[in-house]
Amino acid sequence: MLGQGLVGEARHVEHPELRAECPGLPRDLFGKIRFVERGADARTELHNEIGRINADRLMSRIMELAEVGKIDGGGCSRLALTDDDRAGRDLVIRWMRDLGLRVETDDVGNVVGTWDVGTGAAVMTGSHIDTVRTGGKYDGNYGVLAGLEVIHTCRDLDITPNRP
């Protein structure tokens, strides 16, 4: 599916601008990318032929994490350095290890998961999973869990980036 509102036709092309903007993408990945010419301005857009994240898996993780510190009204409370915060971190650490990430935790509980592939500067994503007293299911959590989902999707598709 090309997506609504796109004008033009899909074609496989070598795209030097994208290669320059995305030096961390593996060379063989470019053969799996389809571009779509857009109207008169001749801009191109990356078409997601590579694969899509598994939204059900992402939402399942969000909902499972939301059970930790669950409060009335649908939110959650995982105040920093509480038992619920620790339980949430332990859950995320388990998911990181399941993905084969190297996991490091500092003295105050900051967690960093690293996919030890490639060389050079790491591509980073993340946020926080602790909350205020009446926090929501998505604030912070989405930033962490979306990053894990991207790694999970890459692994599912046998895509290994050139950078950690």
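Glu149 and Arg57 form a salt bridge (a side-chain nitrogen of Lys or Arg within 4 Å of a carboxyl oxygen of Asp or Glu), with their closest N and O atoms 2.7 Å apart. This pair links distant parts of the chain, 92 residues apart, with Glu149 in helix α4 and Arg57 in helix α2. Helices here are DSSP runs of H or I with at least four residues, while strands are runs of E with at least two, both numbered from the N terminus. Glu149 is buried, at 1% relative accessibility, and Arg57 is buried as well, at 18%; buried means under 20% relative accessible area, exposed over 50% and partly exposed in between, for a 1.4 Å probe and protein chains only.

The model is a predicted one, in which local features need pLDDT of at least 70 and side-chain atom pairs pLDDT 80 or more, whereas totals for chains, interfaces and linings use all residues. Residues are numbered from 1 along each chain as its sequence is written, and side-chain values use heavy atoms, leaving out hydrogens and water.

Arg94 lies in helix α3 and Glu64 in helix α2, 30 residues apart. Arg94 is partly exposed at 41%, as is Glu64 at 34%.

Within helix α3, Arg89 and Asp85 sit four residues apart, about one turn of the helix. Their side chains meet in a salt bridge (3.3 Å, N to O), and both residues are buried. Elsewhere, salt bridges with shared partners join Arg57, Arg61, Glu149 and Asp156 into one network.
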